[in-house]
Amino acid sequence: MFALLFTTFGVILSAKYSNITIDQSALLALKSHIIHDPHNFLVTNWSTSASVCNWIGVTCGSKHQRVIALNLSHMDLTGTIPSQLGNLSFLGWLDIHDNNFHGSISIEFADLHRLKYFHLGNNNFNGEIPLWFGSFAKLQGLYLHGNNFDGVIPSTLGNLSKLERLSLGRNQISGRIPNSLFKCKKLKFLSLYSNSLEGSIPAEIGNLTLLESLILESNNLKGEISMSIGNLVFLKFIDLCNNSLTGVIPYSIFNISSLQLIALSDNNLFGHLWSNMFDRLPQLYYLDLSGCQLSGEIPFGIGNLSSLQKFYLSNNKLSGITSSFSFFFFILIINKC
């Protein structure tokens, strides 16, 4: 019996050691793919003479002593990401933003089923956003902004039922915004700015009832802004600037009392600003409707917005300055013309 217990304990110990070795090998493979480490973060610290769990940027779980988080952000590292990183089977947090990593994303990353946070922002990754990103069932944050990704937004991202934050801005993504994306009912932050997206903003955007920030600025979006946007009752920021949107501004936007920033400039929006359109926006501090085709008089009620700090209406067909405007607002409007 003693021999059996000793053998069993030895097998468990061996398996645990093997698992730690797998994590160590994966991270050493990453280290070998770093061609520039100006601050010597990895050169001096990632050594086999110390436990992996004590390496800079590495966090291990307290129970199983496996790597659960890797944070190498802001280290000025240059290199590529090896496929072996997909062997970090307990990894839930991967953050390498603000470096100079390049290349494409290896399919072996699809094995990271525990990922909750995936941040590759502000690097030089390229290629298409992989379809298998939609298999990260636990993912809550996906940040790919500031890279060179091209192709379209994969419809498989609609499978990410726990996704709360999606940031794909400043890439070379084209095509339409897929309707499947609006199945991610937990989204609070959606940023797709500075791409080459086409088509209209789907009316299904009104399904994202928890959304707090919507940033679609600087694309090639057309069509009218759907009235369904008024369903986004928690919205604080909406930025649709520099597109080719048409039609009137839906009044439903001005019923969202939580709004702090509205930026709709440089579109083909037309129509009048009605007298009480700002009555339900007590928190609004930034309003930019410049560079559109709005006409009529500037409504009196805008002067009652005590929280408003920046206000732009230039390059429209508007007339009149109400007596309730402060001198600051008057100068701001004139200087933009």
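Visitor: How many helices and strands does the protein have?
Guide: Keep in mind that this is a predicted model. Buried residues make up 50% of its 337 residues. As for the elements, the count is three helices and 24 strands.

Visitor: What share of the contacts with a separation of 6 or more comes from residues 24 or more positions apart?
Guide: A contact here takes heavy atoms within 4.5 Å. Among the contacts with a separation of 6 or more, residues 24 or more positions apart account for 49%.

Visitor: Which element gives the most to the largest nonpolar core?
Guide: That core has 90 residues, and those touching the most other members include Leu27, Leu70, Phe118 and Leu214. At least two residues of the core come from each of α1 (2-32), β2 (58-60) and β3 (67-71). With three residues, the top giver is α1.

Visitor: How many residues are in the second, separate core?
Guide: Cys241, Leu261, Ala263 and Tyr286 are among its members. The total for this second core is five residues.

Visitor: What volume does the largest cavity have?
Guide: A probe the size of a water molecule, rolled over the atoms, shows where empty space is left. The structure holds one cavity of 30 Å³ or more. Its lining includes Ile81, Ile96, Phe109 and Phe125. The volume comes to about 30 Å³.

Visitor: How many charged residues are in the lining of the largest cavity?
Guide: Ser104 and Ser106 are part of this lining, as are Ile105, Phe118 and Leu120. By class, the lining splits into seven nonpolar and two polar residues, and the charged count is none: no charged residues.

Visitor: Is Gly247 buried or exposed?
Guide: Gly247 sits in strand β18, residues 244-248. Beyond its neighbours within four places in sequence, Gly247 touches Glu224, Asn268, Leu269 and Phe270. The cut-off for buried is under 20% relative accessible area. Gly247 has 2% relative accessibility, so it counts as buried.

Visitor: How far apart in space are Gly247 and Ser226?
Guide: In sequence, 21 residues separate Gly247 and Ser226. Taken C-alpha to C-alpha, the distance is 9.9 Å.

Visitor: Is Ser218 buried or exposed?
Guide: Ser218 is in the loop between β15 and β16 (222-224). Its phi is near 60°, a positive value in a residue other than glycine. At 17% relative accessibility, Ser218 is classed as buried.

Visitor: And what about Arg170, what is its phi near?
Guide: Arg170 belongs to the loop between β11 (165-167) and β12 (174-176). With a relative accessibility of 38%, Arg170 counts as partly exposed. Its phi is positive, in a residue other than glycine, with a value near 55°.

Visitor: How far apart are the end C-alpha atoms over residues 23-60?
Guide: An unreviewed UniProt entry annotates residues 23-60 as "domain: Leucine-rich repeat-containing N-terminal plant-type". Over residues 23-60 the chain is 39% helix and 16% strand. The end C-alpha atoms of this stretch are apart by 10 Å.

Notes. Residues are numbered from 1 along each chain as its sequence is written. This is a predicted model: local features need pLDDT of at least 70, side-chain atom pairs count only at pLDDT 80 or more; totals for chains, interfaces and linings use all residues. Side-chain values use heavy atoms; hydrogens and water are left out. On a 1 Å grid over the protein atoms alone, a cavity is a set of points where a 1.4 Å probe fits but cannot get out, and a pocket is an open set with protein on both sides within 12 Å along at least five of seven lines; lining residues have an atom within 4 Å of a point. Grid points are joined across faces, edges and corners, and a volume is the space filled by probe spheres set on the points. Ala, Val, Leu, Ile, Met, Phe, Trp, Tyr, Cys and Pro count as nonpolar, Asp, Glu, Lys and Arg as charged, and the others, Gly among them, as polar. A nonpolar core is a set of buried Ala, Val, Leu, Ile, Met, Phe, Trp, Tyr and Cys residues joined through side-chain atoms within 4.5 Å. Buried means under 20% relative accessible area, exposed over 50%, partly exposed in between (1.4 Å probe, protein chains only). Helices (H or I, at least four residues) and strands (E, at least two) are DSSP runs, numbered from the N terminus. UniProt positions are given in the numbering used here, feature names are shortened, and annotations may be inferred rather than shown by experiment.
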